[in-house]
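These are my notebook entries on a structure I looked up. I begin with the terms I needed and then record my findings.

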Amino acid sequence: MMTLSTILLFVHLIGLALGVGASTVKLVLLFKCKSDHDFVSVFLKVIRPVTKVIITGLILVTISGVCWIFYGYSFTPLLIVKVTLVGLIWILGPIIDNVIEPKYKKAAPLPGETGSYDFVRFQKMFLLLEMTATGLFYVILLIGVLL
Ligand code: HEM
């Protein structure tokens, strides 16, 4: 029997699969850029569609989560921690997409070139923020299972 709670769980699980999955793929591809600068131009071509999947996932988990609360799910301390961490991802995402990524793209080496000092610096920042955002996704996932 499809109840509202079942539908919300279905949407929540699709959202987390898209968000956690695409965020992990983006991080794996960024690590590949670190060891192979020729891969950077490929990475820059796929980054937009991958980011769109992450954002779609985040929107789905947030809407279904808010609906759960709206329909009476009690705000436990664990849920407050979880929602705060999700808020952090919503802040980190635009910083990565609109501040770090454009700088990384501008400094990116062409195929056959090695990265400049600036490029390596932005790559370190990019990796650090991506690892933080993806790590947060996994921590939130764990908290979700413990709820
Ligand atoms: C990155 C974002 C998120 C991830 C990865 C995530 C993950 C999860 C997981 C794995 C569960 C357990 C599902 C199950 O019982 O099988 C869950 C449940 C839940 N999540 Fe999330 N969640 C996220 C965002 C949110 C947000 C933003 C809210 C609230 C605004 C929220 C509220 C809830 C609630 C209330 C439950 C319990 C539902 C129930 O047991 O009926 N989640 N979440």
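I noted that helices (H or I, at least four residues) and strands (E, at least two) are DSSP runs, numbered from the N terminus. I recorded that this is a predicted model, in which local features need pLDDT of at least 70, side-chain atom pairs count only at pLDDT 80 or more, and totals for chains, interfaces and linings use all residues. I number residues from 1 along each chain as its sequence is written, and side-chain values use heavy atoms, with hydrogens and water left out.

Entry on Leu146. I located Leu146 in helix H4. Its relative accessible area is 56%, so I list Leu146 as exposed (buried is under 20% relative accessible area, exposed over 50%, partly exposed in between, with a 1.4 Å probe and protein chains only).

Entry on helix H1. I found that H1 covers residues 4-35, which is 32 residues. From first C-alpha to last it reaches 47 Å, close to the 46 Å expected at 1.5 Å a residue (the expected span is 1.5 Å times one less than the number of residues). Among the buried residues of H1 I noted Leu8, His12, Gly15 and Cys33. The buried residues of H1 pack against helices H2 (40-70), H3 (77-107) and H4 (117-146), where contact means heavy atoms within 4.5 Å.

Entry on Val28. I placed Val28 in helix H1, and it counts as exposed because its relative accessibility is 52%. Val28 and Val81 are 53 residues apart in sequence and 27 Å apart in space, C-alpha to C-alpha.

Entry on Glu101. I found Glu101 in helix H3. Its relative accessibility is 3%, so Glu101 counts as buried. Leaving aside residues up to four places away in sequence, I saw that Glu101 touches Ile47, Arg48, Ile96 and Phe126.
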